[in-house]
Each structure stands twice: as C-alpha cells, then as structure tokens.
Amino acid sequence: MPTVDAQAEQHLHTYAADVQRALGEACVGVVLYGSAAGFDWVAGRSDFNTVIILRRVSPAALASLAPVIGGWRARGFALPVILDDAQLERAAQLFPMELDDIRRQHRLLAGRDPFAALVVDEVALRRECAQEAFGKLLRLRAFYLEQAADPTGLERMMVESVKSFLIVARHLLRLRGEVVPETYDAALAAAERSVGALPTMRRVLAQRQAPVSTDWRSVAPAYLDEVERLVAAVTAYCA
C-alpha cells in the first residue's frame, strides 16, 4: 500500500508553509485529502489534493494565494478547494460524498482541523450517491463513443474513471453500515461481494499502479458491463 515518499512529504510541508505565509491570519487550516493522505498514492500519477479553509474568502485573499498555487501546480498539486470556515457545514449538505471522503481520509498540514467534527447528512449522501453513480455512467458511455477506436484513449478513459466508481461503491458500503475500506483494492473486493466478480475493473485498477501493454479495445466492453452492474446496485439501493 504505497504512501508518499520523503520528497513528497517535504513538498507538503513547504506548500502548507507557503499558503500560511501568503494568507496570514486569514488562514484557518490547510488539509491534505485523497490518495496522498491514505494508501493509494502513485508517484508520478497521483495529484496532491488540498482544502484551504479561510476565515472569509475575499478577492484580496485569493489574489494573495494565486501566485503560491500557480507555483505548486507544476509539482503535482491540484487546484485546492477554497472554503470559508462558516461554509463547511453547508458544503457538507450540498456535497456530502466529497466532504465525507475528506472527513474519512485527510491529514492536517497546518492550522486547525475543520473536518474532525464534521457530520454528513445521510439522506443527502444517499441522494448524491445515486446521482453521481448514474451521472458517471452516462459520461463513461459518451467517452466510449468518442474513444472506441483509440486504444490509448480507452486506456485513459478506464484508468481515470475506475477510482470514481470505486468511490461510489465505498459510499454504498457506508450507507449499508458496512466497514468502509481504506484502499481502492479493498473497496473493489467489497464491491465484488455485493455484485459478483469484477475482474476487468481489477485489471484496470492494476494498470493504474503498474502499466502493461494491452489492446484496450478488447477490454473496454467488459469494463462497461461491470460498471453497469455496479451502478445498478448503487442506484437500486440509494434512489
């Protein structure tokens, strides 16, 4: 289960210090979330995802922060989520999946941890889980139409989407009251216990971690079929 290396840790420390320096007292906290905060980080492929909480988001604060963020983009840092301290509870109601993911797997890099006591509404989570699952399926079908003749495009489509569907599966487990797996591999294994074997999704997940040469045109139909089964299970439970 890969975690960030020593160089990445140093980058995270410096990034948080740069953000605090730019914002001063306006900065409440800097939080790392996603694969870099857990066990699924892949060097050279995974981004560093962060949330920056401010006392109040203002144009002046964003202007102070912009040069810092621009400088770190080339080193694998995704654009951060920027929130007012007072907006956190509302954000959890509007985007319960995203905020619950951050609450479940995050690290405090600087300041105060605003996610420690966060409570996510179960009804809102159930609704968004169904919407996200079906919406991602619709986008996957459209991408397949666009990339059907391009093995490289199909590989990218599957590798980039498999995490999203496993995140949805993880929320299904949470709503069922089951243990929520920490890693994508464990989430896939748990999903298989609910919907049956997902060997192609397993193959695509392995490709993310250790790429091999494959004719992805022959793999894509089975991947689409497995995603259809997973999404059907999610929407049947959550809708």
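Guide: Gladly! Please keep in mind that this is a predicted model. Let us start with a helix pair: His-11, Thr-14, Tyr-15, Asp-18, Val-19, Ala-22 and Leu-23 in α1 meet Ala-61, Ser-64, Leu-65, Val-68, Ile-69 and Trp-72 in α2. By class, this contact of α1 with α2 has nine nonpolar, three polar and one charged residue.

Visitor: At what angle do α1 and α2 pack?

Guide: Helix α1, residues 6–23, and helix α2, residues 59–73, pack at about 160°, and their axes are 8 Å apart. Angles over 145 degrees count as roughly antiparallel, so α1 and α2 are roughly antiparallel to each other. The crossing of α1 past α2 is right-handed.

Visitor: And how do α4 and α6 cross?

Guide: The axes of α4 (residues 96–104) and α6 come within 11 Å and cross at roughly 80°. Angles from 65 to 115 degrees count as roughly perpendicular, and α4 and α6 are therefore roughly perpendicular to each other. In this contact, Met-97, Asp-100, Asp-101, Arg-103 and Arg-104 of α4 meet Ile-167, Val-168, Arg-170, His-171 and Arg-174 of α6. The residues of the contact of α4 with α6 divide into three nonpolar, one polar and six charged.

Visitor: Now for the empty space. How does one find where it is left?

Guide: The general idea is to roll a probe the size of a water molecule over the atoms, which shows where empty space is left. Here, the largest pocket has a volume of about 880 Å³. Of its 30 lining residues, Tyr-33, Asn-49, Lys-163, Ile-167 and Tyr-184 are the closest to its centre. The elements giving two or more residues to this lining are β3 (81–84), α4, α5 (122–147) and α6. Its lining has 11 nonpolar, six polar and 13 charged residues.

Visitor: Which element gives the most to the lining of the second largest pocket?

Guide: That is α6, with seven residues. This second largest pocket has a volume of about 260 Å³. Its lining holds 13 residues, and Leu-140, Phe-143, Met-157, Glu-160 and Ser-161 lie nearest its centre. By class, the lining of the second largest pocket has four nonpolar, four polar and five charged residues.

Visitor: Which residues line the largest cavity?

Guide: They are Ala-169, Leu-172, Leu-173, Ala-191, Ser-194, Val-195 and Leu-230. Two or more of the lining residues come from each of α6 (151–175) and α7 (184–195). The volume of the largest cavity is about 30 Å³, and its lining has six nonpolar, one polar and no charged residues.

Definitions and conventions
Residues are numbered from 1 along each chain as its sequence is written. This is a predicted model: local features need pLDDT of at least 70, side-chain atom pairs count only at pLDDT 80 or more; totals for chains, interfaces and linings use all residues. Side-chain values use heavy atoms; hydrogens and water are left out. Axes are lines fitted to C-alpha atoms, for helices over the stretch in contact, and angles run from 0 to 180 degrees between N-to-C directions. Helices (H or I, at least four residues) and strands (E, at least two) are DSSP runs, numbered from the N terminus. Angles under 35 degrees count as roughly parallel, over 145 as roughly antiparallel, 65 to 115 as roughly perpendicular and the rest as oblique. A crossing is left-handed if the near helix is turned anticlockwise from the far one by less than a right angle, and right-handed if clockwise. Contact means heavy atoms within 4.5 Å. Ala, Val, Leu, Ile, Met, Phe, Trp, Tyr, Cys and Pro count as nonpolar, Asp, Glu, Lys and Arg as charged, and the others, Gly among them, as polar. On a 1 Å grid over the protein atoms alone, a cavity is a set of points where a 1.4 Å probe fits but cannot get out, and a pocket is an open set with protein on both sides within 12 Å along at least five of seven lines; lining residues have an atom within 4 Å of a point. Grid points are joined across faces, edges and corners, and a volume is the space filled by probe spheres set on the points.
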